[in-house]
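Open the model in your viewer and keep the selection panel at hand. Each stop below gives a selection and says what is there.

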Amino acid sequence: MSNGDITLTAGDAEATVLPGNGGRVGGLRVGGVELLRQGERFGCFPMVPWCGRIRDGRFRDGATVQQMPLNAPPNAIHGTARDAAWRTARASTDEAVMTYDLVEPWPYPGRVTQQVALTEDSLTLTMSVETYESSFPAQIGWHPWFNRSLGGEDVTIDFAPAWQEERGEDHLPTGRRVDPRPGPWDDCFGMPGGVDVTLTWPGRLELKVTSREEWVVVYDEQREAVCVEPQTGPPNGLNTHPRLVTPLEPLEASTTWSWTRL
């Protein structure tokens, strides 16, 4: 199939999926109200094969040091897949499955599969990275830009992390864990029982972001939007918490957004 835009519907929920623009969800409307910030860099994009920043764009794999392009100098950020066209494997009324084959500048062959599944009151994103050749470290995450306002009061963010990754001057975790601090945030938090963050637009909508993963980056320093990013490890995690993709064991993760009207 082509990589043309896909519209999913379920009840009064409608999601637009953009395989040709980084496999991202370009929009999510509930009762006609758009929840995601609009624009070709926004919506919700997959972060793969790494999440957040890699210090100096370098990570070690055994004795080899790999260098990624510095697309957020002096670091590399958010993986390679969001800049690529994905292929649509299949699409129905309420589900789409896309694939992306890892290519240069990522040094290892592999395939990413992402499923987007919509119901009347939830959206679930599932991703896997698999290889048939050499093993490699990788991460999976999602970077949604939720609109700060849906026309009324600004959104509130409620969550109870076990810790916050101390952030250095370079915006990267220092490796120390500290007690969670008040926002605004561009910070990574640990939620060992699984990510569970509630966004509330007063009088409009409550939306829960959940995942079995235990890391979440919360970014609310921009005026237009707030980001709640579940991921399989912290920023710079290819160096500090590598998860290995092997021919026998893919890396898999999912996140669900479930909403109720207020």
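**Stop 1: T80**

Select T80. Beyond its neighbours within four places in sequence, T80 is in contact with V48, P49, W50, Y100, L102 and P105 (contact means heavy atoms within 4.5 Å). T80 sits in the loop between strand 9 (76-77) and strand 10. Strands (E, at least two residues) are DSSP runs, numbered from the N terminus. T80 counts as buried, because its relative accessibility is 10%. The scale is relative accessible area: buried is under 20%, exposed over 50%, and partly exposed in between (1.4 Å probe, protein chains only).

Two notes on the model. It is predicted: local features need pLDDT of at least 70, side-chain atom pairs count only at pLDDT 80 or more, and totals for chains, interfaces and linings use all residues. Residues are numbered from 1 along each chain as its sequence is written, and side-chain values use heavy atoms, with hydrogens and water left out.

**Stop 2**

Select the strands in the order 10-11-12-13-26-22-21-17. These 8 strands form an open sheet with antiparallel pairing. Two strands pair if DSSP finds at least two bridges between them. At the edges are strand 10 (87-91) and strand 17 (156-158), each pairing on one side only. Neighbouring strands of this sheet are turned by 15° against each other on average, direction ignored. The axes behind that angle are lines fitted to C-alpha atoms, and angles run from 0 to 180 degrees between N-to-C directions.

Now zoom in on strand 12 (residues 110-119) and strand 13 (residues 122-130). They run antiparallel, joined by 9 bridges. Pick R111: its bridge partner in strand 13 is E130.

**Stop 3: strand 15**

Select residues 141-144, which make up strand 15. Which residues are buried on each side? G141 and H143 are on one side, W142 and P144 on the other, and all are buried. In a regular strand, side chains alternate between the two faces of the sheet. P46 stands opposite W142.

**Stop 4: salt bridges**

The whole structure holds 16 salt bridges. The criterion is a side-chain nitrogen of Lys or Arg within 4 Å of a carboxyl oxygen of Asp or Glu.

- Select E34 and R29. Their side chains meet in a salt bridge at 2.9 Å, N to O. E34 is buried at 17% relative accessible area, and R29 is buried at 19%.
- Select D56 and R58. The closest N and O atoms of this salt bridge are 3.9 Å apart. D56 is partly exposed at 31%, and R58 is partly exposed at 40%.
- Select E221 and R167. Here too is a salt bridge, with the closest N and O atoms 3.9 Å apart. E221 lies in the loop between strand 23 (215-219) and strand 24 (225-231), and R167 in strand 18 (residues 163-167), so the pair ties together parts 54 residues apart in sequence. E221 is partly exposed at 41%, and R167 is partly exposed at 32%.

**Stop 5: the largest pocket**

Select R53, I77, H78, H143 and D186. Of the 29 residues lining the largest pocket, these lie nearest its centre. The pocket's volume is about 480 Å³. Strand 18, strand 20 (186-190), strand 23 and strand 24 each give two or more residues to the lining.

A pocket is an open set of points on a 1 Å grid over the protein atoms alone, where a 1.4 Å probe fits, with protein on both sides within 12 Å along at least five of seven lines; lining residues have an atom within 4 Å of a point. Grid points are joined across faces, edges and corners, and the volume is the space filled by probe spheres set on the points.

Key:
Helix = DSSP H or I, 4+ residues; strand = E, 2+ residues; numbered from the N terminus.
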